[in-house]
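Thank you all for making time this morning.

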Amino acid sequence: MSRWRRRQALEGYLFAAPWIVGFLTFTAGAMAYAVWMSFQKWNLLTPPQFVGLANYHKAFARDPLFWKSLSNTAYYAFVSVPMRILVALLLATLLNQPVRGLPLFRTIFYLPSVVTGVATSMLWMLLLNPDVGGINYVLRRLGVAHPPGWLTDETWAMPSLILMSLWSVGGMMLIFLAGLQGIPAELQDAAYVDGAGAWHRFRHITLPLLTPTILFNLVISVIASFQVFTQTYIMTGGGPADATLTYVLYLYRNAFEFFKMGYASALAWILFFIILALTGLILRSSALWVYYEGERREG
Amino acid sequence: MNPNRLLSRKSPRQAHTQTRTRSRFARRSIKTRITALITYAALLLGSAVFLLPFLWMVSSSFKSLDTIFEYPPSLLPTEPLTAERDGKRLPLAEYTPPGGGPPQRVLLHDSRPGERLIEAADAGSPTQPRWVSEAAVKPLRRIRFHTHNYAAAWTAAPFTRFTLNTLFITICCILGQVLSASLVAFAFARLRWPGRNLLFILMLATMMLPSEVTMIPTYLIFRSLGWIDTFLPLIVPSFLGGGAFFIFLFRQFYLTLPRELDEAAWVDGCSSFGIYWHILLPLCKPILVTIAIFSFVGHWNDFLTPLIYLNSAEHFTLAVGLRFFQGEYDTDMHLLMAASTLVLLPVLVVFLIGQKYFVKSIVLSGIKG
Amino acid sequence: MAASAFIRTVPMRQRVQACAGCLLLLGLAALYGGSKPRSAAGGPVVIRSSFWGMAQDAQVWQELARRFNARQNRIRVKLEHITGQDYHAKLLAMTVGRCAPDVMAADDEPFRNLAINGLFEDLTPYLARDREFARKDFYPPFYDTFQVDGHQYALPYLGHCLLIYYNRDQRRAAGLSPDPKPDWTWDDFTHDAIALTRDLDGDGKTDQFGMNQLSWFYCLQWIWSAGGRDMDTAMTHYLFDTPEARRGFQFHYDQIHKYHVCPRASELPNMNWEAMFLTGKVSMFFTGSWWLVQCRQAKNIDWDIAPLPRGPVTRATRSTTEGLTISAASRHKAEAWEWIRFVLSDEGQAVFARYGRGIPSLRHVAWQTFPDPKTPQHEERFLEAMDTYARKSSLHKHWLETARVFDREWDRVLLGKSTIDDFVRTVVPEANAIVRGEDDL
C-alpha cells in the first residue's frame, strides 16, 4: 500500500474510532451474549440450560404464534413503509415552498411525533370509534353503509395501526426537508429558465438528487417497522384475537412474561436475519437508482 | 424604484438570493396563484388533521378528570352549571315550556323515567317543584379552565429536579451525538480504509436486533462498570458514535456533497480533519439542525433507558416523571395531559428556533463552472 | 498529525475554553449522576426498597420510609420507585445483574414463578420467630396468595376485591329503587341491567348500558357463584369445561349477546370503562377498591357500591393483592425484616388506608380505617366481601402465559365469533398443556 493509502486507512480508523470503541465495549458483547442466550433455555432466575437449536426449531416448526406475529408484522411493514415515505415526501415538498408561516406549518406537521403517545392513542381511539368516531362519521356521510369496525374488528385492526402510523411522519418529513435543502437551487432555476414544468423539474432534478435521502428513509423505516412494538403494547395489547400481535410484542412477552429468555433471543435473531436480508436487498438495489453527487467512481 | 439600487445595499449573498427569488416569482401568473392556493389549502387541511393530538392534549389538560371523556367531545373545557339551594348543589338547566313561552332557568331535583323534577331557579319567586317531560329540559354547561391542574401536576412529583436532570442529559447527548456521529460518518463517506463496507453493514446491523434481548446483557455491562444509578449509561453512548441512525444520516448527506470541495481543500494543504471541520460541517447545516432536533426530542422523551438504569428518584428525568400519572389500573389523565403539555413546550421552542438554520446551502453555486 | 495540524489552527483562547468545557461536563456527569448508597462502617445500614405505582403511591411509601427512618438510627430505607408497566422487566434485569433491592413489592400475578425459582427469601422462619406475627389477622385470600407449598414468600400489605359501582340517578330515572337489595340474585341483576339499558334520545341506538363488558378474568366470580372453579386445588389443570364454569361464562355471554345489557365490541365508545361510568354511558361498573379515590373526584353523579349478586349456588368475588418480599440475595435480611414489620404494623397500614390505595391487609386495621363515615357511599361493603365471600384466583406458575391464551379466545367471544362452548373447548387443552410445562423451552 502506498504511503498515502496507508495514511488514509489510519485516518479512517481514527475517525471511526468513537464508534468502534463503543461497539466493542457495549454492543458487541451484548449481541454475542444474545447469541449465546438463543441456544439456552433460561428463565432469568435459575441457571441456563444448553438446548442447541431447539429454540429455532420451536419457532419454525412448533409455534403458530411465530408465524402469526411475523405475518402481522410483515403486513404492517410492507403497507406502512411506502405510505409513510410518500406522505412524508409530499409534506416535505409542500413545506419547501416559500409560503408564509412556514415555520409554523412545519411545527404543526412535526407535532404528532413529539406529543405524548398517550394523548395520540386516546385521540386515535376516539376517532376510530366504529359508532361515534369521526372517521366513520365521515364515511357514513359519504354513503358507506357499514363502515369498518377498526380497532374492534380483526380485519381492520392492523389497517387502523397503519393509518395511525401516518400521523408520525414528522421525523421523516424533516429528513426529506433537509435533503431538499441540500439540492442547489440554481439547478432548478436553470431548468425553469429552460422551460421545464414543475412536475418535470421535480422528476428529473429534485427526485434523483433526493435519492440518497429516500434510501435512508427507506432503510430506516423498514428496520423500524419490523420492530413495531409501542403502539401494540399500549393500545391494542395484540388484540383483538392476536390480530395486531406484532413480532416484537410477542418477543417481549416471551422474554418478560413467559420467562422464556432463550426463546425470545432466538426470535430476535430470526428477525435480525430477516431485516438484514431485506436491508441488504435494498442497499444492493440502490446502485441502480440512487445517485450520489459526491461519489467517486473508482476505475 | 431601481432594483439594482436596492440590491447594492445588501451583502452579495443576500443580493444573490434576492435576485433569484425575484426572478422566479416576479411574474404573478394565474398558474402561480392557483398553485399557491392549492398549496395553502392542502397545508391548512393537513394542519387541521395533524394538530388534533396536540389540541386534544391541551384541552384535556384544562378539564377535570370526569369531563375528559365525555361524548360528544369538545375542545373547550366545559362543565355542568350548578347552583345551591337549601344547602344542596343542584344542576341548572333550561326549561322550554311545551305550550310556548320563554325558556326559563330551572334547578333539577330528581328524575324518573322520561321526566325530571324541576324548580324555578330565581330565589325571588319561589315555586313548587313540578314534574315535566325530560325532552323539554336541557342541562346547562359553562366554560371552565381548570388551570390548577398544572400546579397540581408540577407538584405531584419533584418536576423541577427532573427538568434539571433532563436538561443536563439532553445537552450532553446532543453535543456527543452531533460531534461523534459526524466524525464517524466522515470515515464512512469520505475515506477509504480496509473493512469500511463491512463495518458499515455491521453498524446498520446494530439497529436490527430488537433491544429487548440486548437489554439484559447491556445492563450487565453497565453494572460491571458500576454505572447503575448514574447518568453515564445515558450519556456515554452518545459520545461513542451516537447511534447508527445519525451516522447513517450524516453519511448519506456527505455523499451528496461534491468531492471537488474536498480535493480543492486538500490541494490547499488542508488535513482530513480540516476538511471535515472547515468544509463539510458548515455545509451540513440543515442536517446538523435536524439531527440536533432529533437528538433533543429523543433524549428529552426517552423513558426506557432512564427507567432501567436510574434507581433513585432524584436522578429521574421528565419522561419518567410523566409515568407518575399512569398506574396499573387508572390514569390521572388531566394531570398527565397538563404535565405532558409542559414537557412538550421546550421541544417546540427548540424546534422553532432550529427552523432559522434550515437554509439552503448557497456556497455551492460558486464552485461549478 | 492531522489532529495536531488542526488544533494549531484554533486560537489559544478557544482551545482553553474547549478543554475547560469538556472537563466540566465530564466532571459534572460523574458527580451529578453518580451517587450510590454506601454503608460506611459504623453508619446506618441502608436497605433498598422498590415499589411501583403513581405519584400517590410514591407519597405513601415516602411517608412510610420517613416515619421508619425517623424512629431509629440503625437502618435507613432508600426507596426505589419503578414507574410504568415495566416494574417486572426491571426487577428481572436487576436480578440477573445481582443488584436487586433488599425489599421488593411483589404483584400477585407473576409471583409464583418468581418464588418457586428462588428469587425471594422464605419468610416462614422469620414468622415463626416473631410472635407478633402469629397474632396478625391478615385476610386469608391475600395471605394465601403468597404461600407456596406451605412456605410463605411474601406478606401482603394491600389488597383489593371487586364489587359493583352503580349510578343511583340512573336507577331512579329507570324506575328502579335507588339501591339494589343487598342480597340480590342473578335474576335481580339481569332485571335491573335490562331496565338500565336505555335508548335515551329515541334514535334507535342504546345510549346507556346496564353494565360494562367483562374480560374472562372478571368472569371468575360468576364461575364461583355458579358452583364452579377455575382450577383444581393443586393447580394442575383448568376446570373451565365443567357445567358450572360454563354456566358462569354463559351468564356474561348472555348479557352481551342475548340481553344486550353491555356493549358489544363494535358498540364501545372506545373510552375506557371508567370514563363510560363517569359520563353515564354505563350504569353498573365492575371494578375494584382501587378506584374509590378516583371515583370520588366525580362530583356530578350520585353513586354507591353494591355487593355482587348471589348466583345459583353462592355469592363470590375475586380478590387481588400486593405483598412485600425480601430478596434471597439481600445482604441485610434482618434489617429488611424490620422494615417489613413496620410497613405491616398498625401505624404503617393506617398510612395506606389514609391514601385510599386499597384495602389494608390486616383486618382490624381495615375496619378501623377503610370505611369513611364522611362519604355517603358504603365502602365497607368491600370489607364485608373480604370477610365473607371474596376468593383468590388460581395464579399458577405460568399464569401470565395462559392468561394470554384466554385473552385471545375471549376476544372472539366478545366479538360474537365464538360461543362459550367454542371458547372452553379451545382454551382448556391449550392452557393445560402450558400448565403441565409441555413446552420445555
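What percentage of the contacts in chain C with a separation of 6 or more is accounted for by residues 24 or more positions apart? Please keep in mind as we go that this is a predicted model. For chain C the value is 73%, counted among contacts with a separation of 6 or more. Chain C has 20 helices and 12 strands, and of its 441 residues, 47% count as buried.

Let me set chain B beside that, using the corresponding values. Chain B has 15 helices and 8 strands, and 42% of its 369 residues count as buried. When we take the contacts in chain B between residues at least 6 apart in sequence, 64% of them join residues at least 24 apart.

Coming back to chain C, the chain is divided into two domains, with domain 1 made up of 45-160 together with 320-392, and domain 2 made up of 162-318 together with 395-435. The C-alpha centres of these two domains of chain C lie 29 Å apart, and the contact between them takes 24 residues from domain 1 and 21 residues from domain 2. On the domain 1 side of that contact, α5 (111-116), α18 (380-388) and β12 (390-392) of chain C each supply at least two residues. By class, this side of domain 1 that touches domain 2 has 8 nonpolar, 9 polar and 7 charged residues.

Next, the contact between chains. Here 31 residues of chain A are in contact with 27 residues of chain C. On the chain A side, α2 (54-62), α5 (117-127), α12 (247-256) and α13 (261-289) each supply at least two residues, and the largest share, 3 residues, comes from α2(A). The side of chain A that touches chain C has, by class, 15 nonpolar, 8 polar and 8 charged residues.

The axes of α4 (residues 102-114) and α8 (residues 170-181) of chain A come within 8 Å and cross at roughly 135°, which makes α4(A) oblique to α8(A). From α4(A), the residues Phe109(A), Tyr110(A), Leu111(A), Pro112(A) and Ser113(A) meet Gly170(A), Gly171(A), Met173(A) and Leu174(A) of α8(A). Sorted by class, this helix contact has 6 nonpolar, 3 polar and no charged residues.

Finally, some points of backbone geometry. A cis peptide bond joins Gly239(A) and Pro240(A), with omega at about -10°, and Pro240(A) has its place in the loop between α11 (230-236) and α12 of chain A.

Two residues other than glycine also deserve a careful look at phi. Leu44(A), in the loop between β1 (40-41) and β2 (49-50) of chain A, has a positive phi near 70°. Is Leu44(A) buried or exposed? Leu44(A) counts as buried, because it has 21 C-beta neighbours inside 10 Å. In chain C, His260(C) has a positive phi near 55°, and His260(C) lies in the loop between α12 (243-258) and α13 (273-278) of that chain. With 17 C-beta neighbours inside 10 Å, His260(C) counts as partly exposed.

That is where I will stop, and I am glad to go back to any of these places on the screen.

Technical notes
Residues are numbered from 1 along each chain as its sequence is written. Chains are lettered from A and ligands numbered from 1 in the order in which they are written. This is a predicted model: local features need pLDDT of at least 70, side-chain atom pairs count only at pLDDT 80 or more; totals for chains, interfaces and linings use all residues. Domain bounds come from an automatic or database domain assignment. Two residues are in contact if their C-beta atoms, placed from the backbone, lie within 7 Å. Helices (H or I, at least four residues) and strands (E, at least two) are DSSP runs, numbered from the N terminus. Ala, Val, Leu, Ile, Met, Phe, Trp, Tyr, Cys and Pro count as nonpolar, Asp, Glu, Lys and Arg as charged, and the others, Gly among them, as polar. A residue is buried if 20 or more other C-beta atoms lie within 10 Å of its own, exposed if 12 or fewer, and partly exposed in between; C-beta atoms are placed from the backbone. Axes are lines fitted to C-alpha atoms, for helices over the stretch in contact, and angles run from 0 to 180 degrees between N-to-C directions. Angles under 35 degrees count as roughly parallel, over 145 as roughly antiparallel, 65 to 115 as roughly perpendicular and the rest as oblique.
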